[in-house]
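Here's a quick briefing on the strands, loops and ring contacts in this one. Have the sequence and the 3D view open as you read.

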Amino acid sequence: RGIVNQLKDKGEVTRAWLGIAIQDLTEELRKYYGLKDEKGVLVTEVFKDSPAEKGGVKAEDIITSVRDRKVESSHELVKVVANLPVGKKISIDLIRKGAEKIVSVVMVKRDDSDGQKRPAVEKYAELGLKVSELSPEVAKRFGYNRDERGVVILEVEKGSGAESAGIRAGDIIKGVNNTVITTMEEYRRLVDSVEKGSALALLIKRPKVGFIVVQLQK
């Protein structure tokens with residue numbers, strides 16, 4: 001299970017300091033994002049109207065330091081942010097699509113009364129997958145925030161390469177070969193552009209886990 005959910009179970013405010021969900025970087029994710037020696041923490045979700053969103057933090061940003069203090073794991077980020085002053089503007093260093101950026105975020109106090117909302121269907125069979133654009137209704141069905149975007153996997157064909165690779169129903173495809181996707185049209189275009197027999201790298205978001213990278217052959 002991902003670090004975000006472990007901390008949430010213990011009552012930590014992992015999604016409330018800034019309004020983000022986070023996870024550690026695996027070696028596969030480091031390769032996917034083209035990281036070399038850089039270290040940091042991956043943002044898997046930014047909540048609507050949160051301090052992070054207002055400050056310009058985005059999903060798939062990699063936070064490298066907060067207030068000039070370097071962070072190399074989710075646990076370190078939890079500790080650093082927990083001690084930040086409410087109402088003060090802080091600087092966050094991050095990497096976005098290979099470029100270094102600095103954003104400023106004003107910290108707010110957690111309000112436990114404001115729970116995060118937890119969270120047509122056009123189907124496109126490819127790669128042994130039955131997929132759909134993620135509507136608010138489908139997002140709610142799989143336990144995602146209703147503002148989540150991407151292409152959700154509804155079914156995985158038995159005996160397919162996708163099943164062997166460990167892809168599951170409920171996974172969201174967020175990217176294909178390092179290109180972000182949010183719609184069925186983008187998914188179709190990218191998958192169709194890959195020749196049969198060639199490899200695809202799918203960036204997948206999984207409930208209670210976070211981001212993973214899956215390699216498939218078309």
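Strands β12 and β13 (residues 210-217) run antiparallel, joined by eight bridges. Strands here are DSSP E runs of at least two residues and helices are H or I runs of at least four, numbered from the N terminus; two strands pair if DSSP finds at least two bridges between them. Bear in mind that this is a predicted model, where local features need pLDDT of at least 70 and side-chain atom pairs count only at pLDDT 80 or more, while totals for chains, interfaces and linings use all residues. Residues are numbered from 1 along each chain as its sequence is written, and side-chain values use heavy atoms, with hydrogens and water left out.

**Around β12**

- Strand β12 covers residues 199-206, and seven of its eight residues are buried, buried being under 20% relative accessible area, exposed over 50% and partly exposed in between (1.4 Å probe, protein chains only).
- Leu203 has Val213 as its bridge partner in β13.
- The β12-β13 hairpin has three residues between the strands, and Lys208 there takes a positive phi near 65°.
- Strand β10 (residues 172-176) also pairs with β12, in the antiparallel sense and over four bridges.
- Across that pairing, Ile172 stands opposite Lys205 in β12.

**Around β2**

- Strand β2 (residues 41-46) has five of its six residues buried, so the rest of the structure largely encloses it.
- β2 pairs with strand β1 (residues 20-24) over five bridges, in the antiparallel sense.
- Here Ile20 sits opposite Val46 of β2.
- Strand β3 (residues 62-66) pairs with β2 as well, again antiparallel, over two bridges.
- Val41 has Ile63 as its bridge partner in β3.
- As a reminder when you look at these faces, side chains in a regular strand alternate between the two faces of the sheet.

**Glu148, a loop residue**

- Look for Glu148 in the loop between α5 (136-141) and β9 (151-156).
- Is Glu148 buried or exposed? It counts as buried, because its relative accessibility is 7%.
- The side chains of Glu148 and Lys174 make a polar contact of 2.7 Å; such a contact is a pair of N or O atoms within 3.5 Å, and within protein one must be able to donate a hydrogen and the other to accept it, with residues adjacent in sequence counting only if both atoms are side-chain atoms.
- Leaving out residues up to four places away in sequence, Glu148 touches Glu45, Leu134, Ile172, Lys174 and Lys205, where contact means heavy atoms within 4.5 Å.

- Glu60 lies in the loop between α3 (51-55) and β3, and has a positive phi of about 80° although it is not a glycine.
- Glu60 counts as buried, because its relative accessibility is 15%.
- Asp68 is found in the loop between β3 and β4 (69-70), with a positive phi near 70°, also in a residue other than glycine.
- Asp68 is exposed, because its relative accessible area is 68%.

**Aromatic rings**

- Rings of Phe, Tyr and Trp (its six-membered ring) pair if their centres lie within 6.5 Å, with planes under 30 degrees apart counting as stacked, over 60 as edge-to-face and the rest as tilted; by this rule the count comes to one aromatic pair.
- The rings of Tyr32 and Tyr33 have centres 5.3 Å apart and planes at 85°, so this pair is edge-to-face.
- Tyr32 and Tyr33 are both buried.
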